[in-house]
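I opened my notebook to record what I looked up in one model.

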Amino acid sequence: MVISELAKAAGLSKDGIRHYEEVGLISSSARRAGSRVYRDHDPSALKTIENVRQAQRLGLSLKEIRDLLAVHDSRDFSREETIDFLRARLAIVQKQQSALREVERFICDKLKRYEAGNNCD
């Protein structure tokens with residue numbers, strides 16, 4: 001399928017598809033049509049894009065997703081491996097939330113002192 005078809009089916013822009021291709025998440029092959037050359041994407045790219053979106057919802061970066069897809073393409077994960085992976089991601093997210101709560105407390109304390117007219121330095 002050409003990029004416009006894939007983009008429409010995936011709900012992405014053509015630039016988004018190109019970016020996914022640049023970072024190695026999906027691939028395409030050259031297809032000649034008359035004097036023009038088009039990039040042809042296998043229909044399986046749509047499933048890959050769906051998997052990428054799910055992984056992004058887990059908080060993974062595109063680089064992490066690319067590495068994960070490479071492992072996933074070479075073998076299937078067991079149920080236990082998937083559970084371990086999800087638990088590890090949950091621990092990371094909880095740690096990030098904790099760090100953000102600390103930042104929030106700091107900002108709130110600073111704001112209260114400024115609003116009260118106190119020196120905040």
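Below are my entries, grouped by helix pair and by residue.

**Ground rules**

I am working with a predicted model, where local features need pLDDT of at least 70, side-chain atom pairs count only at pLDDT 80 or more, and totals for chains, interfaces and linings use all residues. Residues are numbered from 1 along each chain as its sequence is written, and side-chain values use heavy atoms, with hydrogens and water left out.

**Entry 1: His 41**

I looked up His 41 and found it in the loop between strand E2 (36-40) and helix H3 (44-57). Helices (H or I, at least four residues) and strands (E, at least two) are DSSP runs, numbered from the N terminus.

Is His 41 buried or exposed? His 41 has a relative accessible area of 1%, so it is buried. My cut-offs are under 20% relative accessible area for buried, over 50% for exposed, and partly exposed in between (1.4 Å probe, protein chains only).

Next I listed what His 41 touches. Leaving out residues up to four places away in sequence, I noted Met 1, Val 2, Ile 3, Leu 6, Ile 17, Glu 21, Ile 26, Ser 27 and Ser 28. Contact here means heavy atoms within 4.5 Å.

With Glu 21 there is also a polar contact, side chain to side chain, at 3.4 Å. A polar contact is a pair of N or O atoms within 3.5 Å; within protein, one must be able to donate a hydrogen and the other to accept it, and residues adjacent in sequence count only if both atoms are side-chain atoms.

**Entry 2: the nonpolar core**

I then turned to the largest nonpolar core, which has 16 residues. Such a core is a set of buried Ala, Val, Leu, Ile, Met, Phe, Trp, Tyr and Cys residues joined through side-chain atoms within 4.5 Å.

Which residues touch the most other members? They are Ile 17, Tyr 20, Leu 25, Ile 26, Ile 49, Val 52 and Ile 65. The elements that give two or more residues to this core are helix H1 (3-10), helix H2 (14-22), H3 and helix H4 (62-74).

I followed up Ile 26. Not counting residues up to four places away in sequence, Ile 26 touches Leu 6, Ile 17, Tyr 20, Glu 21, His 41, Ala 45, Thr 48 and Ile 49.

**Entry 3: H1 against H2**

I checked how H1 and H2 pack: the angle is about 100° and the axes are 8 Å apart. Axes are lines fitted to C-alpha atoms, for helices over the stretch in contact, and angles run from 0 to 180 degrees between N-to-C directions.

That angle makes H1 roughly perpendicular to H2. The classes are roughly parallel under 35 degrees, roughly antiparallel over 145, roughly perpendicular from 65 to 115, and oblique for the rest.

H1 brings Ile 3, Ser 4, Leu 6 and Ala 7 to the contact, and H2 brings Lys 14, Ile 17 and Arg 18.

**Entry 4: H1 against H3**

The axes of H1 and H3 come within 10 Å and cross at roughly 40°. H1 is therefore oblique to H3. From H1, Leu 6, Ala 9 and Ala 10 meet Ala 45, Leu 46, Ile 49 and Arg 53 of H3.

I picked out Leu 46 in helix H3. Its relative accessible area is 22%, so Leu 46 is partly exposed. Leu 46 and Ala 10 are 36 residues apart along the chain, yet their C-alpha atoms are separated by 6.2 Å.

Glu 50 is also in helix H3. Its relative accessibility is 39%, so Glu 50 counts as partly exposed. From Glu 50 to Ala 10 I noted 40 residues in sequence and 7.7 Å in space, C-alpha to C-alpha.

**Entry 5: H3 against H4**

H3 and H4 pack at about 125°, with axes 10 Å apart. That makes H3 oblique to H4. Thr 48, Val 52, Ala 55 and Gln 56 of H3 make the contact with Leu 62, Ile 65 and Leu 69 of H4.

**Entry 6: Arg 89**

My last stop was Arg 89 in helix H5 (residues 79-115). Is Arg 89 buried or exposed? With a relative accessible area of 8%, Arg 89 is buried.

Leaving aside neighbours within four places in sequence, Arg 89 is in contact with Leu 58, Gly 59, Leu 60 and Glu 64. The C-alpha atoms of Arg 89 and Leu 111, 22 residues apart along the chain, are 33 Å apart.
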